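Here is a short report on a protein model.

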Amino acid sequence: MATDTETLTASGYIQHHLQNLTFGVHPENGLSIAHGAKEAQEMGFWAIHLDSMFWSILLGAFFIWLFKKGAERATSGVPGPLQNFVEILVDFADGSVKETFHGKNDLIGPLALTIAVWVFLMNLMDLVPVDWIPALATAIGIPYMKVVPTTDVNVTLGMSLSVFFLIIYYSLKIKGVSGFAAELALQPFSSDNKAVKFLFIPVNLLLEGVGLIAKPISLALRLFGNLYAGELIFILIALLPFYVQWMLSVPWAIFHILVIVLQAFIFMMLTIVYLSMAHEHH
Amino acid sequence: MNLNLTLIGQAISFAIFVVFCMKYVWPPIISAMRERQAKIAQGLADAEQGEQRRAEAEQEITGLLQDAKTQAAEIISQAQKRSNEIVEEAKDAARTEGDRIKVAAQAEIEQEVVRAKEDLRKQVGTIALTGAEKILNAEVNPKAHDKILDELIAQI
């Protein structure tokens, strides 16, 4: 399980499990796969987590493949089982969007559906016993393998920053530059007195700016934190003797079923809420 | 836990998946669902309309049935009246016919009586003549006494 750089200790085991398969340009080794957290750190920004990307794209492609299959068979007559399943999820996403978002936007429904299903699938990987896939990967010569993409902060932040970009884009599109700027500068404190109003601008900008920046960060860190913590607990449980593991891992897994669905739902719901806020005039 | 290119890679794949979902997954499913909704709504509306029509038809049937019943009753009563009339007419006709036959029979009887009387008279004349011949034992010339005999016959 462990490579040469890590001994088979408890902390080594945990560290190994929390290490991504990082591929990038190392200042000494050149273009290579990082061995250990230190080397990965040294690679800096221009490196990529092959395992996170592989699993997230695989799961995303699975989602698209499954739903495309459902969409191809979609009829307005009696639906088959796959169509039923797909329709339930589409209807769920559509319902959530309609509840919160009252504008007209063709993007937000598919966006919500993609987030809900994709994030759920990525979270679901957390329920695969922690050693199965990494052990298999080690057997075929891959030193590190983190199978839950949402325990990688890059993945969650990548998605939340995309959402953030959409928030900015729609804010500017719907309200215009001046409208968006006014929203940032003249709220929440305002006054009828012009001078006081002017004085409030920096305070408002600070508050609203922090609020705006906090959106993608909280969105990413909430999902990442929940899944990372869940994964860590599974790893810790895996350190116990095998005959007592089930006593802890089974209840935690059952509890985690709730967490993974809830986190996927929250990510979807908050995205809808943020985008509907971006569409609203004040 | 370092930020690196994975972030951008994830953002790109996210965008691709969302666009793909928006283009090829979402529209057919949503349109199929909307269509089915419309179909079901139409079906329900049709069913309601059908039910309404059925009720109307039932009402119409009841009305028609009532009409038919009253008409039938009317026809029956008319027929009864007519039959009574026919019976009465027949009775009348029979009575007059009977009367006529009776009168004719009486007339015939009277004629018969008159003829019988005539015959009887003639026979009595003959018998009387024969009786007289026997009594007188002599030949009576019927020719000579025709006048007397006729008078006798007329007297009887």
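F265(A) is partly exposed, because its relative accessibility is 32%, between the 20% and 50% limits. This is a predicted model. F265(A) forms an aromatic pair with F92(A). The pair is tilted, with 5.9 Å from centre to centre and 35° between the planes. F92(A) also counts as partly exposed, at 38% relative accessibility.

What does this pair tie together? F92(A) lies in helix α4 of chain A and F265(A) in helix α9 (residues 242-279) of chain A, so the contact joins parts 173 residues apart in sequence.

A second tilted pair is formed by W252(A) and F255(A). Both residues lie in helix α9 of chain A. They are three residues apart, about one turn of the helix. W252(A) is partly exposed at 21% relative accessibility. F255(A) is partly exposed too, with a relative accessible area of 41%.

| Aromatic pair | Centre to centre | Angle between planes |
|---|---|---|
| F92(A) and F265(A) | 5.9 Å | 35° |
| W252(A) and F255(A) | 5.3 Å | 40° |

Over all chains, the count of aromatic pairs comes to 16. Ring pairs also link F63(A), F67(A) and F85(A) into a cluster.

Helix α4 (residues 81-100) of chain A also holds D94(A). Is D94(A) buried or exposed? D94(A) has a relative accessible area of 10%; buried means under 20%, so D94(A) is buried. Within chain A, D94(A) and A112(A) are 18 residues apart in sequence. Their C-alpha atoms are 8.0 Å apart in space.

Now the sheet. Chain A has an open sheet of three strands in the order β2-β1-β3, with antiparallel pairing. The edge strands are β2 and β3 (47-49) of chain A, and each pairs on one side only. Neighbouring strands are turned by 15° against each other on average, direction ignored.

Strand β1 (residues 22-26) of chain A is joined to strand β2 (residues 30-33) of chain A by four bridges. These two strands form a hairpin, with three residues between them. In this pairing, G24(A) stands opposite S32(A) of β2(A). β1(A) also pairs with β3(A), over three bridges. There, T22(A) stands opposite H49(A) of β3(A).

Which helix lies across β1 and β3 of chain A? Helix α3 (residues 50-72) of chain A does, running at about 50° to β3(A).

Note on methods: Residues are numbered from 1 along each chain as its sequence is written. Chains are lettered from A and ligands numbered from 1 in the order in which they are written. This is a predicted model: local features need pLDDT of at least 70, side-chain atom pairs count only at pLDDT 80 or more; totals for chains, interfaces and linings use all residues. Side-chain values use heavy atoms; hydrogens and water are left out. Two strands pair if DSSP finds at least two bridges between them. Axes are lines fitted to C-alpha atoms, for helices over the stretch in contact, and angles run from 0 to 180 degrees between N-to-C directions. Contact means heavy atoms within 4.5 Å. Buried means under 20% relative accessible area, exposed over 50%, partly exposed in between (1.4 Å probe, protein chains only). Rings of Phe, Tyr and Trp (its six-membered ring) pair if their centres lie within 6.5 Å; planes under 30 degrees apart count as stacked, over 60 as edge-to-face and the rest as tilted.
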